[in-house]
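Thank you for asking for a reading of this model.

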Amino acid sequence: MSLAQRLGIDLPILQAPMAGVQGSSLAIAVAEGGGLGALPCAMLSPEAMSDELDRIRAKTTRPINVNFFCHLPPESDSACDARWHQALAPYYAELGLDIDSVPAGLGRRPFDAEVCDVLETLRPEVVSFHFGLPSPTLLERVKAWGATVLSSATTVEEAMWLEANGADAVIVQGLEAGGHRGMFLTEDLTTQVGTLALLPQVRAAVTVPVIAAGGIADARGVAAALALGADAVQVGTAFLCCPEATTSMLHRRALQSEAARHTALTNLYSGRPARGIVTRLMRELGPISALAPAFPLATAAIGPLRSAAEALGSGDFSPLWAGQNTSGCREVPATALLRELASEIS
Ligand SMILES: Cc1cc2nc3c(=O)[nH]c(=O)nc-3n(C[C@H](O)[C@H](O)[C@H](O)COP(=O)(O)O)c2cc1C
């Protein structure tokens with residue numbers, strides 16, 4: 001049975017879950033178009049997740065991928081927070097904000113027993129994880145309702161670990177990919193490999209199906225990934241300008257401008273490396289800085305800067321997540337993009 005058959009989809013194309021820039025509308029459109037639509041839950045409360053899944057169920061009977069982060073929440077470290085606030089203080093002053101009133105909050109929620117309780121009643125067909133896998137007990141509960149489990153690997157070692165620890169298929173996330181690196185066995189960025197190099201090496205190292213992600217933005221890219229041994233592809237960045245995504249106008253404009261030619265990995269916005277269009281904050285403090293608190297604690301102090309700057313029309317402090325290939329970013333309906341992506345699959 002092919003991976004697409006196992007997942008219950010017509011096309012071997014997965015829409016990448018993208019927390020913060022899409023919800024049920026994009027997932028529904030992709031599902032109805034014959035791909036695997038995804039609902040990212042890293043920034044949703046269990047109630048919001050449940051509402052979004054109800055919306056999806058009301059509009060489509062096709063399978064859906066529900067996606068979670070599975071990091072361990074860090075202890076907060078007041079000395080580290082103080083250093084981070086000091087680094088950001090000049091920007092707070094510039095925008096007339098008070099550095100002493102940074103809101104508390106984690107920013108991103110990991111998959112836990114409470115989320116699993118809600119998900120168990122909704123029984124999505126596919127559950128995917130970023131940053132490894134949840135505890136064996138939680139993973140067993142997910143598998144008990146028959147869900148197919150996916151997770152991202154950024155190295156051959158991570159792919160082998162995921163196969164050995166219960167992933168039903170591995171998403172091979174090349175260095176080109178937009179958003180957070182799914183890396184979980186290493187923090188060393190020099191271990192990270194491009195899609196073209198990583199895909200055949202993972203293909204040779206595991207027996208579970210592999211899904212190629214990172215830099216795939218058109219039909220030739222899809223065909224190339226399949227030729228290199230991928231069973232399916234996962235595309236993120238190219239969907240960001242579809243009307244069904246919730247990407248802000250500022251982000252959309254940046255994606256379709258020359259600025260999108262320069263992306264970098266940065267830890268400034270969350271505490272973990274993620275790829276986005278280079279901003280003023282990344283140029284001046286990073287893009288990688290030892291001052292940023294552990295994931296996801298860095299997010300809290302960026303929030304006020306981002307909101308204040310965006311109100312003035314500036315993306316200086318916004319995470320403009322994007323992969324290295326933004327050539328697929330156009331204002332076309334997701335089903336049309338999906339059809340184009342699939343047009344050279346033989
Ligand atoms: C804006 C954005 C947000 C993302 N958020 C998530 C997420 O919430 N969960 C996840 O597993 N991957 C996330 N990713 C990574 C994607 O799963 C995928 O690896 C990537 O989009 C593939 O590369 P591409 O962007 O070049 O197509 C995100 C990517 C982008 C561009």
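1. Although Ile171 and Ala213 are 42 residues apart in sequence, their C-alpha atoms are 6.7 Å apart in space. Please keep in mind throughout that this is a predicted model.

2. The structure holds two cavities of 30 Å³ or more, and about 560 Å³ of space lies in the largest cavity. The lining of the largest cavity is made up of 37 residues, and those nearest its centre are Ala16, Pro17, Met18, Gly178 and Gly179. By class, the lining of the largest cavity divides into 18 nonpolar, 17 polar and two charged residues. Because domain 1 (1-71 + 108-248 + 329-346) and domain 2 (74-107 + 257-324) both give residues to this lining, the largest cavity lies between them.

3. The second largest cavity has a volume of about 50 Å³. Among the residues that line the second largest cavity are Cys41, Met49, Phe68, Arg109, Phe111 and Val115, and by class its lining has eight nonpolar, one polar and one charged residues.

4. Two of those residues, Phe68 and Phe111, return when the aromatic rings are considered. The count comes to nine aromatic pairs. In one of these, the rings of Phe68 and Phe111 have their centres 4.7 Å apart and their planes at 55 degrees, so the pair is tilted. Phe68 is in strand E3 (residues 64-69) and Phe111 is in the loop between helix H4 (78-94) and helix H5 (113-122), so that the pair links distant parts of the chain, 43 residues apart. Both Phe68 and Phe111 are buried, and ring pairs link Phe68, Phe111 and Phe129 into a cluster.

5. How are the planes of Tyr91 and Phe317 set to each other? The ring centres of Tyr91 and Phe317 are 5.1 Å apart and the planes stand at 65 degrees, so this pair is edge-to-face. It also links distant parts of the chain, with Tyr91 in helix H4 and Phe317 in the loop between helix H12 (299-311) and helix H13 (334-341), 226 residues apart. Tyr91 counts as buried at 6% relative accessibility, and Phe317 counts as buried at 1%.

6. Turning to open space, the largest pocket has a volume of about 450 Å³. Of the 19 residues that line the largest pocket, Glu187, Gly271, Arg272, Pro273 and Phe295 lie nearest its centre. Arg272 lies over the face of Phe295, at 5.3 Å from the ring centre, and Arg272 also lies over the face of Phe131, at 3.9 Å from the ring centre. The lining of the largest pocket comprises 12 nonpolar, five polar and two charged residues. Domain 1 and domain 2 both give residues to the lining of the largest pocket, so it lies between them.

7. The second largest pocket has a volume of about 310 Å³, and of the 20 residues that line it, the closest to its centre are Met43, Arg108, Arg306, Pro319 and Trp321. H12 provides the largest share of this lining, five residues. At least three lining residues of the second largest pocket come from each of domain 1 and domain 2.

Notes. Residues numbered from 1 in each chain as written. Predicted model: local features only at pLDDT ≥ 70, side-chain atom pairs only at ≥ 80, totals over all residues. Heavy atoms only, no water. Phe/Tyr/Trp six-rings, centres within 6.5 Å; stacked < 30°, edge-to-face > 60°. Helix = DSSP H or I, 4+ residues; strand = E, 2+ residues; numbered from the N terminus. Buried < 20%, exposed > 50% of the residue type's maximum accessible area, 1.4 Å probe, protein only. Lys NZ or Arg CZ within 6 Å of the ring centre and 35° of its normal. 1 Å grid on protein atoms, 1.4 Å probe; cavity = no way out; pocket = protein on both sides within 12 Å on 5 of 7 lines; lining within 4 Å. Points joined across faces, edges and corners; volume = space filled by probe spheres on them. Nonpolar A, V, L, I, M, F, W, Y, C, P; charged D, E, K, R; others polar. Domains from an automatic or database assignment.
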